[in-house]
Amino acid sequence: MVVLNKIYTKTGDAGTTALGSGERVPKTSPRIAAYGTVDETNSHIGVARVHLAGADPDVDTMLLRVQNDLFDLGADLCVPDRGEKLPYEPLRVADAQVKRLEDEIDLMNGSLSPLRSFILPGGSATAAALHVARTVSRRAERMIVELAAIPGEPVSAPVLKYINRLSDFLFVAGRYVNDRGKSDILWVPGKNR
């Protein structure tokens, strides 16, 4: 259980922060940057949900689940599995969360027309916000993959799968809330030459 009675602790004043394991690391460490960008993605999804404003309760419910999953993902990254015995069971992203995301992508994508061009972010405020979240999630993915390549910085396979699927989910959700793709703005190559 998380208890946040005092918001500032002053323990990070020297530029370090604690992982969930208690280990102190620089605030600039690749692990902190990775889960900080996951948090940024989550915030952009929150903005998209505000724009959605109840217009599509099913998508809003999916986005709420994703927001919760992203806290799970951040918790997973915050306690790297280095094979040490911890006094508690750390939270880990599960393959079932990845599968649910894939199922929701397939559900939304099933009602969309196939694309004949790339799309430009926009059409509606919700779609535009989802595309911002998509691009930030791709940045989070790059950072997580980079973290996983560092010796001694483990990242679980479900985390890597989930963050990879997330940008696909956000892309499809952006099209879905754009009147099932009818309001998508298509890229016209070379249009302004």
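**Contacts and packing**

Colleague: Leaving aside neighbours within four places in sequence, which residues is Asp184 in contact with?
Modeller: Once neighbours within four places in sequence are set aside, Asp184 is in contact with Leu115, Ile119, Arg175 and Asn178. Contact here means heavy atoms within 4.5 Å.

Colleague: Thanks! Before we go on, what should I know about the model and the numbering?
Modeller: This is a predicted model, where local features need pLDDT of at least 70, side-chain atom pairs count only at pLDDT 80 or more, and totals for chains, interfaces and linings use all residues. Residues are numbered from 1 along each chain as its sequence is written, and side-chain values use heavy atoms, with hydrogens and water left out.

Colleague: Back to Asp184, then. Where does Asp184 lie, and is Asp184 buried or exposed?
Modeller: Asp184 sits in the loop between α5 (157-176) and β4 (185-186). Asp184 counts as buried because its relative accessibility is 14%. The classes are buried under 20% relative accessible area, exposed over 50% and partly exposed in between, with a 1.4 Å probe and protein chains only.

Colleague: What does the side chain of Asp184 make a polar contact with?
Modeller: The side chain of Asn178, at 3.2 Å. A polar contact is a pair of N or O atoms within 3.5 Å; within protein, one must be able to donate a hydrogen and the other to accept it, and residues adjacent in sequence count only if both atoms are side-chain atoms.

Colleague: Let's zoom out. How many helices and strands does the protein chain have?
Modeller: Five helices and four strands, following the pattern β-β-α-α-α-β-α-α-β along the sequence. Helices (H or I, at least four residues) and strands (E, at least two) are DSSP runs, numbered from the N terminus. Of the 193 residues in the protein chain, 39% are buried.

Colleague: Now the helices. At what angle do α2 and α5 pack?
Modeller: About 160°, with their axes 12 Å apart. Axes are lines fitted to C-alpha atoms, for helices over the stretch in contact, and angles run from 0 to 180 degrees between N-to-C directions. α2 and α5 are therefore roughly antiparallel to each other; that label applies over 145 degrees, with under 35 roughly parallel, 65 to 115 roughly perpendicular and the rest oblique. Residues making the contact include Leu63, Leu70 and Leu73 of α2 and Tyr162, Leu166 and Phe169 of α5. The residues of this contact divide into 14 nonpolar, no polar and two charged. Ala, Val, Leu, Ile, Met, Phe, Trp, Tyr, Cys and Pro count as nonpolar, Asp, Glu, Lys and Arg as charged, and the others, Gly among them, as polar.

Colleague: And α2 with α3, how do their axes cross?
Modeller: The axes of α2 (residues 57-78) and α3 (residues 95-109) come within 12 Å and cross at roughly 155°. Residues that meet include Arg65 and Asp69 in α2 and Arg100 and Glu104 in α3. The residues of the contact of α2 with α3 divide into six nonpolar, one polar and five charged.
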